[in-house]
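The sequence and the structure come first.

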Amino acid sequence: MDGWSLVYESFDPAREGLREALYTLGNGYFATRGAACEAKSDDVHYPGTYIAGCYNRLKTEVAGRVIENEDLVNCPNWLPLTFRVDNGAWFDLRTVELRSYRQELHLQQGIFARTVRFKDEQGRETTLKCRRLVHMAAPHYAALEATLIPENWSGRIDVRSALDGTVVNCGVARYRNLNSKHLEPLEAEAVSDEIIYLKVQTTQSNVQIAQAARTRVMRDGQPVAVKRQARTEPGYVEHRLTMDAEEGVPLTLEKVVALYTSRDRAITECGLEAQKAVRRAGGFEDLLRTHAQAWSHLWRRFDIGIEADLPNNSMESAALVLRLHVFHLLQTVSPNSMDLDVGVPARGWHGEAYRGHIFWDELFILPFLNLRMPEITRALLRYRHRRLNEARTAAREANCLGAMFPWQSGSNGREESQRLHLNPKSGRWVPDVSSLQRHVNAAIAYNIWQYYQATGDLQFMVFFGAEMLIEIARFWACLGSYNKELDRYEIRGVMGPDEYHDGYPDAEEPGLNNNSYTNIMAVWVLWRALEVLDLLPEDRRRALCDMLGLKPEEIEAWDYISRRMRLVFHEDGILTQFEGYEDLEEFDWEGYRKKYGDIHRLDRILEAEDDTPNRYKLSKQADVLMLFYLFSAEELEAIFQRLGYEFKPDLIPKTIDYYERRTSHGSTLSSVVHSWVLARSLRPGSWELFTKALESDVADVQGGTTPEGIHLGAMAGTVDLVQRCYTGLETRGDILWLNPQLPEYLRRLELRLCYRGHCIELELTPNRIQVSSHPTVARPVKIRVKDEIHLLAPGETKKVAV
């Protein structure tokens, strides 16, 4: 392997859904799944195209209740390009004899290539070579090329090139009983001999989507005269091209597509723009050249260099998967996202799982972007700021001050979490109270602060970040209730990151009390809000306080609450997940593993048995341990001291050991966090969990979830493990901290980072750190290696032994 190509050398219908997700091509504006261009939606294939932030709402009656869901819309399918010979059947891989098959995802250039050699029922042998791109530099363009080589025959070929707007959302099996027709047809026509055009509109959000496609036929680089015929019906248009094929002579079909919506900027009308763009477009090779150039610039900034001593090419495989993860991150959010009003969806723009919603997963994604292309982070945080008023409304409806951001966010920032959830194991619809995960507020605040620490972008903090932080702090101060008997504040009726526990056994009301992660994050937010107020220029602070009605006594209350929040501990001093956790029953891990094998989703297993995880000491994913993922020991000790609790030296290892043994890793994020927190104390265990996290999507470890969409948080989290965890990299206190602890297998890491205007190159080995600053700015930067602070001037290189 060269570390840059994901290759499959067989056609496996059972795994095609997984491959279509992994072979998705996108550019931050839209993405198209890696289905074959001749494929239709069926039990094997699911071609889907998704435009960033294009949502639509539909209502459905479920279990006697009318529910409304907002979905990421499956947009018109621009891929259809297929053929038949001498009026025979249209090409289908499943009806021919495959002689060879190879498909490749070329990460370096962002190209999906496929080569198929087959024999049909008439004994005709043919080679089909396909290439596809979704343009990274010109985000409204996509193109595909298919070359047919008749090996032992000549004859007449019919080619069908279409745009299909009759598609529905049916990519997630458990959603298929819900209403799914999001598009209504507007226009469909052949506007010239070469160009077909389609326009549709979403049924509720009224987003108009226009596509125009130009199809050409080439032989030896020259256009081929063909007979063309157009066919239209509501929501669908096709060109049918007829030509002669000669034995041994390649025939190349080229389809270039332009996609626009009514929400795009600097346009007159989306349909006219799509038609104009496709007329002006160059050929496939022209588009490929500029597309590959854009990817080369991105890789120069985002690649990670790794050298390691691992057997059986496993390091090459790890390097490939890391690059695959970076690739899919950049296909979801890229420089093309900076001018869009979009968040970062948990499952990418790669499928319909989680309905394309934005969760807390940005907590695992933005730290990597902060140090590579922070401008993307800034744009994603603006998505949250634009929805601040909706969050304020949600807080008021919950009888709180400030802002309460939703657990699931979509178009306008209202809470999009389901009220009912289908358990595929039992077939029952069960209540969904996951919106009680108020810790999403803390994740947003953390992301704001980490962005500022990495960039020093005071302008963003002054005009956007501070307002959000203050409103989130207000919410936490209001949510906390004072316990006079304990002289402590408590947060009650919430859920932590562990979604297995949404209430107490047999309790009538959902929610948990004093979740340790939530309480500590609330304290951290209040503390940071106080710091941000001191950070602001005096005139902006005064204006912001006036605008928000923020009085000195409210600020004083934040300081008091941040010193008097309650934490709950086990009798042996371990930080408890939530009040009452220690009283729950121990779970029969061994028995359930013997009975079910895969117990990642114990919530579904237990519900199907008429039981509930709420009765047991078990976790779906890291909950308390998230604290050790987000904060250093020094930062946590400072929080404990502020609260008046003793921070014992053995607290972290004891807590990690306790919860590690009680976690099912039912979330792909879990292995990332557990790998991180073990990196200092148990490096072999950390590396084992890191390699498991790498497999989350390429191996579809959850047994069928990746075909519905990749897990972007886990993908970015694995890359960030290499970037920040193993290097001990932190950005705090106006210092870039480095405290490396490389796994024993790693010989060398090379990273190119962006820190406060500096382009910094890091080279780490087990014995040395080399830090170089490119002369992009005039001021020096402070770097702390272990316990020693170094001042790195622009253009300077320092080598430090470790």
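## Nonpolar cores

A nonpolar core is here a set of buried Ala, Val, Leu, Ile, Met, Phe, Trp, Tyr and Cys residues joined through side-chain atoms within 4.5 Å. Buried means under 20% relative accessible area, exposed means over 50%, and partly exposed lies in between (1.4 Å probe, protein chains only). The model is predicted, so local features need pLDDT of at least 70 and side-chain atom pairs count only at pLDDT 80 or more, while totals for chains, interfaces and linings use all residues. Residues are numbered from 1 along each chain as its sequence is written, and side-chain values use heavy atoms, with hydrogens and water left out.

The largest nonpolar core holds 227 residues, and those with the most contacts inside it are Ile157, Trp360, Trp558, Met626 and Leu627. Helix α9 (residues 458–479) gives the largest share of this core, 14 residues; helices (H or I, at least four residues) and strands (E, at least two) are DSSP runs, numbered from the N terminus. A second, separate core has 19 residues, among them Leu133, Ala143, Cys270 and Ala274.

What does Ile157 touch, apart from its neighbours within four places in sequence? With contact taken as heavy atoms within 4.5 Å, the list is Phe83, Arg84, Val85, Leu148, Leu241, Thr242, Met243, Ala245 and Leu251.

## Salt bridges

A salt bridge is a side-chain nitrogen of Lys or Arg within 4 Å of a carboxyl oxygen of Asp or Glu. The whole structure has 72 of these salt bridges. Arg57, Glu68, Glu70, Arg414 and Glu416 are linked in a network of them.

Two pairs lie inside helices. In helix α3 (residues 284–302), Asp286 and Arg289 are 3 residues apart, about one turn of the helix, and their closest N and O atoms are 3.6 Å apart. Asp286 is partly exposed at 37% relative accessible area, whereas Arg289 is exposed at 54%. In helix α12 (residues 552–564), Arg563 and Asp559 are 4 residues apart, again about one turn of the helix, with the closest N and O atoms at 3.2 Å. Arg563 is partly exposed at 35% relative accessibility, and Asp559 is partly exposed at 27%.

Which parts of the chain does the salt bridge between Glu307 and Arg747 tie together? The N to O distance in this salt bridge is 3.4 Å. Glu307 lies in strand β20 (residues 305–308) and Arg747 in strand β27 (residues 746–755), so the pair ties together parts that are 440 residues apart in sequence. Glu307 is partly exposed, with 29% relative accessibility, and Arg747 is partly exposed as well, with 37%.

Gly305 has Glu750 of β27 as its bridge partner. On to the next strand, β27 pairs with β28 (residues 758–764) in the antiparallel sense over 7 bridges, and Leu753 stands opposite Ile760 in β28. β27 and β28 form a hairpin with 2 residues between them, and Arg756 in the turn has a positive phi of about 50°.

## Positive phi in loops

Ala266 has a phi near 55°, a positive value in a residue other than glycine. Ala266 is in the loop between β19 (251–261) and α2 (270–280) and is exposed, with a relative accessible area of 82%.

Lys786 is not a glycine either, and has a positive phi of about 55°. Lys786 is found in the loop between β30 (781–785) and β31 (788–792), where it is partly exposed at 37% relative accessible area.

## Cavities

On a 1 Å grid over the protein atoms alone, a cavity is a set of points where a 1.4 Å probe fits but cannot get out, and lining residues have an atom within 4 Å of a point. Grid points are joined across faces, edges and corners, and a volume is the space filled by probe spheres set on the points. By this rule there are 6 cavities of 30 Å³ or more.

The largest cavity has a volume of about 110 Å³. It is lined by 14 residues, of which Asp71, Asn169, Tyr175, Asn179 and Arg355 are the closest to its centre. Strands β5 (55–62) and β6 (65–72) each supply at least two residues of this lining.

Key. Pairing = 2+ DSSP bridges. 1 Å grid on protein atoms, 1.4 Å probe; cavity = no way out; pocket = protein on both sides within 12 Å on 5 of 7 lines; lining within 4 Å.
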